[in-house]
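Below is a short report on one protein–RNA model. Please keep the sequence and the coordinates open while reading.

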Amino acid sequence: MRLRIAPSPTGDPHVGTAYIALFDLGVARRNGGRFILRIEDTDQGRYVENSERNIFDSLRWIGLEWDEGPDVGGPYGPYRQSERLPRYREFAETLVEQGKAYRCWCSPERLKRVREEMQARKEPPKYDRFCYGKSEAERRALGECTERPVVRMLIPDEGVTAFEDLIRGRIEFENKLIDDQVLLKGDGFPTYHLAVVVDDHEMRISHVTRGEEWISSTPKHVLLYEWIGWELPKFAHFPLLRNENRSKVSKRKNPWATLPWFRDNGYLPEALLNFLALLGWSMPDGREVFSFEEFVREVDLERISTSGPIFDLNKLDWLNGHYIRQMPLDELAERIRPFLERAGLAAEDPPLASALPLVHERLKRLAEGPELLGFLYQPVGEYDPKLLVPKGLDAGTTRALLDASIARANEAPSFGHAELEAAFRELATERGVKTGQLFMTLRVACTYGTVSPPLFETMEVLGREGVVTRLEVALARVPSE
RNA sequence: GCCCCCAUCGUCUAGCGGCCCAGGACGCCGCCCUUUCAAGGCGGAGAUCAGGGGUUCGAAUCCCCUUGGGGGCACCA
């Protein structure tokens with residue numbers, strides 16, 4: 001089996017590319033096949049600088065490594081369509097000679113006009129074959145021409161073209177509804193339809209996987225295979241990933257439509273892959289958390305469902321948190337360090353090894369690191385002083401508590417969390433306040449907020465000096481009534 | 001407008017004729033644990049299986065229609 005993913009370098013890599021590539025790789029691995037990356041750069045107008053690089057980086061980041069591709073080579077290269085131009089021209093030429101295709105000199109203006117006329121007549125908008133059967137000279141005499149002709153398929157007027165889709169079963173189209181598709185553009189580049197057929201065949205692709213949006217052009221491809229006498233590959237049209245409003249995901253509307261977004265926001269590749277595998281597919285035994293290796297053992301294109309799933313970031317967050325909780329701390333330290341550094345947090349004092357246990361099970365995304373750990377690295381922080389005064393107590397009492405707390409912190413023989421907790425519980429009892437009241441004051445003073453990791457573990461990490469400094473700042477800040 | 005695809009809890013899904021007055025997961029709501037927040041444990045609400053016709057002893061599962069949603073109709077992929 002040979003499966004391929006064939007993105008276009010027209011911008012940031014799309015999440016849908018990873019979605020289909022995941023199944024490509026999975027199916028290839030399960031069957032001892034190969035996974036190929038091909039770059040479809042036949043649209044010179046939409047080419048975006050660096051996007052090929054970004055595609056490589058994103059796919060590698062998420063862990064979908066290809067066996068053959070532009071940068072790693074392989075027996076059926078080149079793997080970039082712009083480097084395969086002669087093949088497409090030759091193929092198109094052969095079709096013209098055989099009468100399966102013909103040249104067309106119509107200007108864009110004329111094509112547009114014809115389409116609009118047909119629309120107005122409630123007919124399917126198709127090319128009217130004005131150029132068919134005419135020599136260049138004959139055609140030019142009629143006007144409305146362009147310099148460089150294109151090559152169009154001569155679609156049969158009768159019959160139906162059908163194909164078997166692995167995911168959806170048989171799909172058929174009436175030939176008379178199919179437009180005479182352009183195969184070769186005026187600039188000599190092939191259209192997608194020509195290039196995909198030639199390349200899939202020459203690269204020995206056994207399973208053509210792609211989004212549902214391609215279903216309606218598949219009959220054109222089938223015709224091409226038949227005309228040239230090539231064996232038909234198997235087709236699998238995946239459901240389209242949707243926005244909350246059920247339209248297909250677009251980079252314009254959703255930041256998460258783009259792969260780098262997940263990396264930048266602290267999602268783990270393994271979690272994203274696991275999540276993607278759950279869209280339109282499920283383990284036979286219903287497991288929802290599984291590794292890529294487990295996925296490979298069970299993946300099957302025929303188990304993919306047909307309706308387009310809405311991308312639920314909520315569930316991704318849960319899965320991501322789950323993977324983070326599962327991760328050894330030293331590994332988490334390495335993975336989260338870049339996020340902290342980018343936020344200007346040194347992550348040296350206290351060392352991550354002692355800080356991370358505080359937030360390990362509270363972290364859903366690595367990018368939350370700076371927000372959750374920031375207070376540890378800033379001796380003085382911003383917060384509303386009113387938060388220091390617990391419910392039911394007044395400012396004077398709070399000041400006294402803080403003052404006594406500073407003394408306790410200074411006197412504590414050791415700074416272990418158990419001893420600290422004992423000491424402060426004792427203080428609360430002595431002063432006749434609820435532990436929760438004292439602890440909240442200390443929490444705000446030490447962590448700059450009412451939500452934090454466990455207080456005494458946090459104090460232990462902060463160390464005596466860190467705690468005393470914070471308590472002194474707090475004491476000075478308590479509102480004057 | 002024409003063609004194609006699709007339709008089970010808010011969301012992702014299980015189900016491929018009887019085990020289903022529909023199971024799991026996320027989310028949500030309680031309770032427990034608890035110094036806050038999480039995590040974890042337990043429990044709960046939540047789907048007349050889009051609607052209507054068939055087929056069948058029996059349908060979420062098969063067929064048809066309707067409705068709804070999506071996609072495609074470029075010298076873009």
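## RNA surface

This is a predicted model. RNA strand B is surrounded by 64 residues. The closest are Arg 168, Gly 280, Glu 361, Arg 362 and Arg 443. Which parts of the strand meet the protein? Of the atoms of RNA strand B that come within 4 Å of the protein, 70% belong to sugar and phosphate.

| Residue | RNA strand B atom | Distance |
|---|---|---|
| Glu 40 | sugar or linking oxygen | 3.1 Å |
| Arg 46 | sugar or linking oxygen | 3.4 Å |
| Glu 212 | sugar or linking oxygen | 3.3 Å |

Several elements give two or more residues to the surface near RNA strand B. They are helix H4 (108–120), strand S4 (145–153), strand S6, helix H11 (313–326), helix H17 (435–447) and helix H18 (455–477). Which element gives the most? H11 does, with four residues. By class, the surface near RNA strand B divides into 26 nonpolar, 15 polar and 23 charged residues.

Is Glu 40 buried or exposed? Its relative accessibility is 5%, so Glu 40 counts as buried; the cut-off is under 20%. That value takes in protein chains only. The Glu 40 side chain also makes a polar contact with the side chain of Arg 38, at 2.9 Å.

## Largest pocket

Rolling a probe the size of a water molecule over the atoms shows where empty space is left. The largest pocket holds about 1000 Å³ of space. Its lining counts 38 residues, and those closest to the pocket centre are Pro 7, Ser 8, Thr 17, Glu 213 and Trp 214.

Four elements each supply at least two lining residues: strand S1 (2–5), helix H1 (15–30), helix H6 (192–202) and strand S8 (207–211). H1 has the largest share, four residues. The lining of the largest pocket is made up of 17 nonpolar, 10 polar and 11 charged residues.

## Strands and a buried helix

Strand S5 (residues 160–165) and strand S6 (residues 169–174) pair in the antiparallel sense. How many bridges hold this pairing? There are six. Ala 162 has Glu 172 of S6 as its bridge partner. Three residues make up the hairpin that joins S5 to S6. S6 is also among the elements that give two or more residues to the surface near RNA strand B.

Why is helix H7 (residues 218–228) described as largely enclosed by the rest of the structure? Nine of its 11 residues are buried. They are Thr 218, Pro 219, Lys 220, His 221, Val 222, Leu 223, Leu 224, Tyr 225 and Trp 227. After H7 comes Gly 229, with a positive phi near 80 degrees.

Ala 236 sits in strand S9 (residues 234–238). At 0% relative accessibility, Ala 236 is buried. Ala 236 and Leu 272 are 36 residues apart in sequence; C-alpha to C-alpha, they are 22 Å apart in space.

## Backbone details

Cis peptide bonds come next. One joins Gly 77 and Pro 78, with omega about -5 degrees. Pro 78 belongs to the loop between H2 and helix H3 (85–97). Another joins Asp 349 and Pro 350, where omega is about 0 degrees. Pro 350 is in the loop between helix H12 (329–342) and helix H13 (352–359).

Glu 144 has a phi of about 55 degrees. This residue lies in the loop between helix H5 (136–140) and S4. Glu 144 is partly exposed, with a relative accessible area of 38%. For Arg 246, phi is near 75 degrees. Arg 246 falls in the loop between S9 and helix H8 (259–264). Is Arg 246 buried or exposed? At 53% relative accessibility, Arg 246 counts as exposed.

Key. Residues are numbered from 1 along each chain as its sequence is written. Chains are lettered from A and ligands numbered from 1 in the order in which they are written. Side-chain values use heavy atoms; hydrogens and water are left out. Two strands pair if DSSP finds at least two bridges between them. On a 1 Å grid over the protein atoms alone, a cavity is a set of points where a 1.4 Å probe fits but cannot get out, and a pocket is an open set with protein on both sides within 12 Å along at least five of seven lines; lining residues have an atom within 4 Å of a point. Grid points are joined across faces, edges and corners, and a volume is the space filled by probe spheres set on the points. Ala, Val, Leu, Ile, Met, Phe, Trp, Tyr, Cys and Pro count as nonpolar, Asp, Glu, Lys and Arg as charged, and the others, Gly among them, as polar. A residue is near a molecule or strand if one of its heavy atoms lies within 4 Å of it. A polar contact is a pair of N or O atoms within 3.5 Å; within protein, one must be able to donate a hydrogen and the other to accept it, and residues adjacent in sequence count only if both atoms are side-chain atoms. Buried means under 20% relative accessible area, exposed over 50%, partly exposed in between (1.4 Å probe, protein chains only).
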